[in-house]
Amino acid sequence: MELGLVGLGKMGNNMRERLRRAGLTVVGYDRNPELTDVASLAEMVAALAAPRVVWVMLPIQVVDQVIDELAGLLGEGDLVIDGGNTKWTADSRHAQSLAEKGIHFLDCGVSGGVWGLQNGYALMVGGAEADVAMAQPVFDALKPAGDYGFVHAGEIGAGHFAKMVHNGIEYGLMQAYAEGWELLEAAGQVTNVPAVFDSWREGTVIRSWLLDLMVRALDDDPHLDRIEGYAADSGEGRWTVNAAVELGVPVPTMAAALFARFTSQQDDSPSMKMVAAMRNQFGGHAVKADHGH
């Protein structure tokens, strides 16, 4: 099995290595000359035997451009897999533009982060059954060992939609753990907060890999003194909440977790300034002066 892999960043580079360890031939292309196997997309395509399979692992900002370029390089019966965090609404457009050239398309949500090389990647795929079968050796090599970690979620767009919801759930879980940690830290009678979380890793209903990673972080920095309380949102959380609004599905936990990240991104919360001002107006509560911070 041969595969062209476009995008050799933090995840793509590890995916190339995991695929090669499984015995697949991978021709990788990246704009970074230190990472790439070939000098161009055209050279990558030329190095693959037909029917070609090309996996795109790129930021959303450049996916359209690269898929358009691949449409001009690939041919009848070839297959493009978009494994990046593309919004599911773009998948049907990509599938249609490629289909005009006889090129097949799958969307694949990928979870695993920097641990994927060691542990395998969870894969959520959308598209036709025959196209999934064509790429199955790639999925088998990337997924974790055992029965779990891979799903053909449905038609075009289903893979990225499933990954989007996965990330929305992730936001909610992380927020719950974080709030529990803050509450334990504030309780004077709890003198060993990291040990409490460590004790929960076995035998409890809230044990998880996220909890394991949280304990690792606390082992390194017990009170998180070296970490700034700023959490970016990469897009999928917003898409999840927007999709829920469109479908009329209540997702209050995911929405609250997303808005908590927005709050973390503010140096000085404008809405809380107004809350303080109103409290002062009706109750004479003290208002802290702004010292220019």
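The model is predicted, so local features are reported only at pLDDT of at least 70 and side-chain atom pairs only at pLDDT 80 or more, while totals for chains, interfaces and linings use all residues. Residues are numbered from 1 along each chain as its sequence is written, and side-chain values use heavy atoms, with hydrogens and water left out.

The chain has 12 helices and 7 strands. Helices (H or I, at least four residues) and strands (E, at least two) are DSSP runs, numbered from the N terminus. Along its principal axes, the C-alpha trace spans about 75 × 40 × 40 Å. Of the 293 residues in the chain, 39% are buried; buried means under 20% relative accessible area, exposed over 50%, and partly exposed in between, with a 1.4 Å probe and protein chains only. The chain exposes about 16200 Å², and carbon and sulfur atoms supply 55% of that area. Accessible areas come from the Shrake-Rupley method with a 1.4 Å probe; for residues, only the protein chains shown count as cover. Among contacts (heavy atoms within 4.5 Å) between residues at least 6 apart in sequence, 65% join residues at least 24 apart.

In β1 (residues 2-6), 4 of the 5 residues are buried, so the strand is largely enclosed by the rest of the structure. Strands count as paired if DSSP finds at least two bridges between them. β1 runs parallel to strand β2 (residues 25-29), and 5 bridges join the two; Leu5 has Gly28 as its bridge partner in β2. β1 also runs parallel to strand β3 (residues 53-56), here with 3 bridges, and Gly4 stands opposite Val54 in β3.

Side chains of opposite charge can pair when their charged atoms come close. The structure holds 10 salt bridges, each defined as a side-chain nitrogen of Lys or Arg within 4 Å of a carboxyl oxygen of Asp or Glu. One of them joins Asp37 and Arg20 at 2.8 Å, N to O. Asp37 lies in the loop between β2 and α2 (41-46) and Arg20 in helix α1, so this pair ties together parts that are 17 residues apart in sequence. Asp37 is partly exposed at 35% relative accessibility, and Arg20 is partly exposed with a relative accessible area of 35%. Arg16, Arg20 and Asp37 are linked in a network of salt bridges.

Another salt bridge joins Arg52 and Asp78 at 2.9 Å, N to O. Arg52 sits in the loop between α2 and β3, and Asp78 in the loop between α3 (60-73) and β4 (79-82), so the pair connects parts that are 26 residues apart in sequence. Asp78 is buried, with a relative accessible area of 0%.

Phe282 lies in helix α12 (residues 270-283) and is exposed, with a relative accessible area of 66%.
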